[in-house]
Amino acid sequence: MPVRGGSENALASILDGIDRETKARMKGEKVGSPPLVDFERMVSIHYARWVVMPNLAGDGQILALHAWYDGPIGDENCKEGVARAAHLREWTRVARRGLDEVYSNCVGYPGASAGDEAIIMFLEKAHISAGALYFGSPGRSRDQVRAEAELADKCRTWLDARPIGSAPATAEEVRAAVKGASPPLGPFPPQQKNWFTLACATLLAGPPLVAAGIAAAPVVTVKEHFDQELEPIYSEAERRHVEETTRGENEFFQNALSNVVAVKPGPFRLLLLRVVLFVIDTLARNYFVDGKLGSIPSIHAAHWYLLDGGKRLAFVSNYDSSWESYLGDFIDQASSGLTAVWSNTKGYPRTTLLLWAGSRAGDRFKAWSHHIQVKTPVWYAAYPWLSINNVNNNTQIRRGMADPTLDPSAWMGVL
Amino acid sequence: MRASLSHADLPDLQGVLVHGYGHLHTGCVLLCQVGTDRSKAARAHLGALGLTNVETARQAKGEAIEAARRKSFTNVAFTHTGLAALGVSPATLDSFPREFVEGMATDARGRLLGDVGPSHHDSWQWGGKTNPVHVALLLYAADASALAAHRAGVMGAAEAAGLRVVKMIETVTLPRRQEHFGFRDGIAQPVMKGSRDSSPYQGDEIAPGEILLGHQDEFGETSHVPGDNAFGRNGTYLVMRQLEQDVAGFWRFCRANAEDDADAIRLAAKMVGRWPSGAALARFPDKDPGPKEKVAHGVRAADDNAFQYSSDMAGARCPLGSHVRRSNPRDGFAQVPKDSLTMVARHRMIRRGRPYGQPLGGEAEPASYLKVLEDASRFGTDRGILFACFNASLERQFEFVQQQWCENPKLAGAVNGPDPLIGSQRAPCGPVGFTLQGKAGEPARRVLGIPRFVTVRGGAYLFLPSLRAVRGLGEG
């Protein structure tokens, strides 16, 4: 949503207030009055944030609301549109006052006196679908993640209390000592690689992609030669930009990254980018379903969006541990998937055939990434102290607790 | 193919970068501030300091102790505020990376490094906002009297030139090169390719650009040079931290979670990742083979450094969260051992830390620590390590290892298991525990309620320039 000219400061202070209330609750601090936006009461939300970024022309601000949400409980496999409608209804039901306060600073908001349906329409109209979407722990509701963590903790507490020098507990002993999870949980997530879809996609899209790739390689090489890469900027202004965009980091184990970058001009790059996003999206939904995107083990969720008709690319992610380690993962693992996406955007370190080099130029890659990072004035995570590894291990433990036929080595070791 | 350090560059490096002066058992660090309006005099003085280069340091190493006794050595490094106080140009000051400009003492960096609670920079004895340090002089000498003489000379001249010594830390050498908890230290040590005549353990050789500025790093990229080449090339960043060690607390905790003294030493070894003798748990999971020199040939291979983790990926021998394994995971971090080594080589540092303070109870030995736990308080608490390491990127090397590997409570799938030895032991996500992985199909054992054994008493990020740059400082 475009922010109304002159309202930037008012909006910033409202968002700041929401963020403070939200973080205090995430830390478990006692807060008196009911919060403006009570994320806790929106059960569909795993992670949410408001991001403020410059508009395309650079003469105003855009406010973007971003949430990772579930479909209605009991109807997990519903269509995306149905899930979104239910999610938006939850927003107006729980946080209508907050929406009014925030969006009264934006162009086109129906106003505090308008009915909820008008507000939902307003939000729905601004909806942008993800170009590619990855989720590190698919198939589990927020409450299921929390309940599984509780169950795993109960098991560990029982194990911890055993006297020094005790023989290792067996799976039967743990099952007998720790009774099942409460409250009752939904179905176990499928968490299986979807080989059928992958095979179909490979058969259909594979040969043309390979052929097109071979044909395009010389063009790409020439274009890469003329790519302008962003050299690291050592200046007070850049240090201030980094300090401002990273200010809220490392208060929890999870952190948020939001960035926006211009796509390299011309239809060729945009087409390339769309193809790459399609491939990543297909892989992420069907293959990378057990907590690792490629070789990177620290991402809870990641979304890429094309903005402004393909002129800009936004990346929104929730990750474990610090920015430095997250970006360090990108560099160390020289992830060609990520390089494939960003090699089509301005200033990215020079690549070789779009997939290689790039992020290996560590200093330039980090400087570029800091440079395009935008502020995340409000950030909420429903379980900010769980790593993605924890979430998936806890599910494994719950399976082991529920199913005596499961091999103990599949879950006892992660207790 | 990694690049090698050229012989033309070697004489331009300060000696401590290549040689740790291990044959000189006493040392001291003088932390100084530049007096107001004294930048000219201070620069002239520092430019004319008799610094050691790699060659003189190397020669000294081979000399007989009698000759060594007559020699003492000085190295010098500067903080960003120090360079500013000495009148280095704003353009040069601006060209340093953010972490060096901001320094170690910020709240954001404190959250990253675990410098919170009692380790917060507000409580530091030096290097904090109210007691910043500008210049560090690193002195080494053969014994106490040689050091005293050397120090008197250096201090006299420094103070005459307007440098005020705000803190002095004397370092010691404990028997068998131990640190205060009672474990042999400094075994794994990266070496820049081409910096030595003798070839080090293969896994410890790294590209010069991992340490030196203006050289190629492990990925073939040239490390960033602040200022021009005359100023920045062949320099490096020095991380210095005074880490107080609660030796009594450490052994009390181990004893309380063990069946007997031997079991306490076993638990301590599991937390460290090495036995007190320095033997690696990855090779000797059940029992300390004892000091290397006492073991017959063939029982222990040549070096306590020659081992890997890939045959112990589950951590049944050496726990995944033990201190040495997390600070240098060798080939055991990624599923493919070769990838792991490539990755780990990007996060190594040359370590030059030394202990300070007297050993608890007078004798540096775990068995004797365990005997004096009852009335340990009479031996005081002022002991620890003056941690010092060199790296080309503070963020990618020191900060990454400290934060992502040591402080990280989630390493190896843990719920809340930071480094048991040096972690800040924050407990926002349940009780702090150290996990001892079991055999396949067995649950791990967690040791809970680990207190903080190491407290930061001071620290700074420093720039250790080339000898040419130090001379240039005096001329400019």
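Predicted model: local features only at pLDDT ≥ 70, side-chain atom pairs only at ≥ 80, totals over all residues.
Is B:Cys32 buried or exposed? Residues are numbered from 1 along each chain as its sequence is written, chains are lettered from A and ligands numbered from 1 in the order in which they are written, and side-chain values use heavy atoms, leaving out hydrogens and water.

Back to the cysteine. B:Cys32 is buried, with a relative accessible area of 0%; buried means under 20% relative accessible area, exposed over 50%, and partly exposed in between, using a 1.4 Å probe and protein chains only. A:Cys155 is buried too, again at 0%. As for B:Cys32, this residue is in no disulfide, and the nearest cysteine sulfur, that of B:Cys28, is 9.6 Å away. A quick reminder: a disulfide is a covalent bond between the sulfur atoms of two cysteines. Here the test is a pair of cysteine sulfur atoms within 2.5 Å, and over all chains the structure holds zero disulfides.

Now let's look at a helix. Helices (H or I, at least four residues) and strands (E, at least two) are DSSP runs, numbered from the N terminus. Helix α4(A) has 19 residues and reaches 27 Å from its first C-alpha to its last, close to the 27 Å expected at 1.5 Å a residue; that expected span is 1.5 Å times one less than the number of residues. Its buried residues include A:Arg142, A:Leu151, A:Cys155 and A:Leu159. They pack against elements of chain A, among them β1 (45–54) and α12 (388–402), and also against β12 (445–448) of chain B, where contact means heavy atoms within 4.5 Å.

Over in chain B, helix α1 (residues 39–47) has B:Ala42, B:Arg43, B:His45, B:Leu46 and B:Gly47 buried. Among the partners of those buried residues are β2 (73–78), α8 (144–160) and α16 (467–475) of chain B.

On a 1 Å grid over the protein atoms alone, a cavity is a set of points where a 1.4 Å probe fits but cannot get out, and lining residues have an atom within 4 Å of a point. Grid points are joined across faces, edges and corners, and a volume is the space filled by probe spheres set on the points.

The largest cavity holds about 100 Å³. Its lining has 13 residues, with B:Val29, B:Tyr140, B:Thr171, B:Arg352 and B:Leu386 nearest the centre. Strands β1 (26–34), β3 (135–141) and β10 (384–391) of chain B each give two or more residues to that lining.

The second largest cavity has a volume of about 40 Å³. Here both chains take part: A:Arg156, A:Leu159, A:Asp160, A:Leu415, B:Ala444 and B:Arg446 line the space. Our helix α4 of chain A returns, giving three residues, the largest share.

A:Ser321 is not a glycine, yet has a positive phi of about 65°. A:Ser321 sits in the loop between β6 (312–320) and α9 (323–332) of chain A, and is buried at 5%. B:Gln425 has a phi near 55°, also positive in a residue other than glycine. You'll find B:Gln425 in the loop between α15 (394–407) and β11 (433–436) of chain B, buried at 10%.

How values were computed
1 Å grid on protein atoms, 1.4 Å probe; cavity = no way out; pocket = protein on both sides within 12 Å on 5 of 7 lines; lining within 4 Å.
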